[in-house]
Amino acid sequence: MSGWSSRMYRKRSLTTMGCSSKRRGRTTPAGVTSSAEPDASSSWASMQGDLVRLIGWRLLETSDLLDYVRFRAVCPHWRSSTLCPRGRGVADPRFHPRRWMMLPEGHGLHPGHSKLGKYIRFVNLSTGAIIRSKLPIFSDHCVLDSVDGPLLLQRDQDTAIRLLHPFTGDIAELPPLITLLRLFKFQFSPTEDSPETRRVWIKFRKVGSTSVSVSADGVITVMIVISGIKCLAIATVGDQQWSVARRKLSFSQNPEQRSNFFSG
């Protein structure tokens, strides 16, 4: 995954299991030929593809997406034997970066600020590791919420809602937010700017909770609790507009406390 960097992660011993038969720092004793010794690195490289895939899935279940990426990087055989997260990052929940949270930069440096060089920082809630991901998309998008790793974004020019995997760059397209406003009888363009429209947009962008479900055939459905207007909105990828499943919700607790990113 291009664009990743880390200040805490370092290459682990797993990456030393190369596919080459060359042995480092080994000398052959007198009278013993090198062919008399088994080539351990070659045996790792020739591991059956089914077993490599099984180990990869176990890494995703018990560890972290980045460990899976490092596992695939060990050698070409391991890479070709396992599924690439890119292109499947949103549609396949196994590749969701569940333990990663977006960090604020502070000092007014919002995501997409020119001083950040298009990079966004994320912290792993289990290990404390911090990585940077290059996300130029934030130049014309804002973050509404984060759910199990993917980010819920709104595009500025047309209010399109998009679900972004921050590490693979995969995007699921959802209907524009303005289609929801029209269900509540608000009629104005996405670019209209006035005190009244700003007040309305603040309410409709105040997301309290988001849920994403993926069916067996890969259909993505998103449910959003918009606490600013106390309604539950639902849409599936490919829909032309949001639908309101329930209005005038009541909350027993602060609906915003489950948000998985820090605002700064």
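How many bridges join β5 to strand β6? The model examined here is predicted, and local features need pLDDT of at least 70, side-chain atom pairs count only at pLDDT 80 or more, and totals for chains, interfaces and linings use all residues. Residues are numbered from 1 along each chain as its sequence is written, and side-chain values use heavy atoms, with hydrogens and water left out.

To return to the opening question, β5 and β6 (residues 151-155) run antiparallel and are joined by five bridges. Helices (H or I, at least four residues) and strands (E, at least two) are DSSP runs numbered from the N terminus, and two strands pair if DSSP finds at least two bridges between them. Within this pair, His-141 has Arg-155 of β6 as its bridge partner. The hairpin of β5 and β6 has four residues between the strands, and Asp-148 takes a positive phi near 55° there. Five of the six residues of β5 are buried, so β5 is largely enclosed by the rest of the structure; buried means under 20% relative accessible area, with a 1.4 Å probe and protein chains only.

These two strands belong to an open sheet of four, ordered β5-β6-β7-β8 with antiparallel pairing. Its edge strands, each pairing on one side only, are β5 (141-146) and β8 (171-176). On average, neighbouring strands of this sheet are turned by 25° against each other, direction ignored. Strand β7 (residues 160-164) pairs with β8 in the antiparallel sense over five bridges, and Arg-162 has Glu-173 of β8 as its bridge partner.

Strand β11 (residues 231-236) and β12 run antiparallel and are joined by four bridges. Cys-231 stands opposite Arg-247 in β12.

Turning to the helices, the axes of α2 (residues 49-62) and α3 (residues 65-72) come within 8 Å and cross at roughly 160°. That makes α2 roughly antiparallel to α3, a term for angles over 145 degrees. Axes are lines fitted to C-alpha atoms, for helices over the stretch in contact, and angles run from 0 to 180 degrees between N-to-C directions. Val-52, Ile-55, Gly-56, Leu-59 and Leu-60 of α2 meet Leu-65, Asp-67, Tyr-68 and Phe-71 of α3, where contact means heavy atoms within 4.5 Å.

Definitions and conventions: Parallel < 35°, antiparallel > 145°, perpendicular 65-115°, else oblique. Buried < 20%, exposed > 50% of the residue type's maximum accessible area, 1.4 Å probe, protein only.
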